Amino acid sequence: MGEDTQFASQRTMMFQQLPTNGLPYHMGDWEELERFASQLEGVGMIQNPSEIRWDVRPSTWGTVENRIMDSVPSLMEVGALSAFSQCLVERMSLALETGEPIDRLPYWFLRENKWRAARYGLAADVITPRPEEYLIHVHDGILRWVEELRDTADRLGCAAELEDVRQLVLRGPSYLRQRRTGDAVEATRRLVEELRTGTPIFKEPR
């Protein structure tokens, strides 16, 4: 309706209302996931497992699908988020292979963090599993991960794309760029231009 919802991502919260959307449940093994999908099919909630539309889910292609890319406006941002995700997965995979423990938050804290991020974006303070630092600013947390993942990005050949993550944090992701226009029509025009050129428009409107 052309009014600012004050959410960094209202779309995230709207889709989460569907019972098969949102955060995935913690499951111990593949068999547990199969039982879950079979139970949903058995009561008619879904027709097939592809209708389980979690934020992260197994894909029919034999891969893990990360669904945060659904509303990214420019090719540069798709590359940045892909590199960030790839580096995080590689980091966690190596930890699992070497037996390094991976911290995990309880499900209820994950839900709280997702709400905070959707509401406040980079300004959110999210809960961590570290008792010495139980809250961290999203802005600071992302920049910290970018630094930690630099060697991984060099090895995977996506260092430039990972650096774009830092640029987005410092110069403004899409929700902030849209708000800078102060106008829904102008925000839409800029989104179209960003999609056409493949690069964000960081400059302030005149």
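User: On a 1 Å grid over the protein atoms alone, a pocket is an open set of points where a 1.4 Å probe fits, with protein on both sides within 12 Å along at least five of seven lines. How much space lies in the second largest pocket?

Analyst: This is a predicted model, in which local features need pLDDT of at least 70, side-chain atom pairs count only at pLDDT 80 or more, and totals for chains, interfaces and linings use all residues. Residues are numbered from 1 along each chain as its sequence is written, and side-chain values use heavy atoms, without hydrogens and water. A volume is the space filled by probe spheres set on the grid points, which are joined across faces, edges and corners. For the second largest pocket, that space is about 210 Å³.

User: Which element provides the largest share of the lining of the second largest pocket?

Analyst: Lining residues have an atom within 4 Å of a point; among them are Trp-30, Leu-33, Glu-34, Ala-37 and Arg-57. Two elements, helix H2 (30–42) and strand E3 (56–58), each give two or more residues to this lining; helices (H or I, at least four residues) and strands (E, at least two) are DSSP runs numbered from the N terminus. The largest share, 4 residues, comes from H2.

User: What distance separates the end C-alpha atoms of helix H4?

Analyst: Helix H4 covers residues 107–120, which is 14 residues. The expected span is 1.5 Å times one less than the number of residues, so H4 should span 20 Å. The model agrees with this expectation, its end C-alpha atoms being apart by 20 Å.

User: Within what arc do the buried residues of H4 fall?

Analyst: Tyr-107, Asn-113, Lys-114 and Ala-118 are buried in H4, meaning under 20% relative accessible area with a 1.4 Å probe and protein chains only. The arc is taken from the directions from the helix axis to the C-beta atoms. Seen down the axis of H4, its buried residues line one face of the helix because they fall within an arc of 130°.

Definitions and conventions
Buried means under 20% relative accessible area, exposed over 50%, partly exposed in between (1.4 Å probe, protein chains only).
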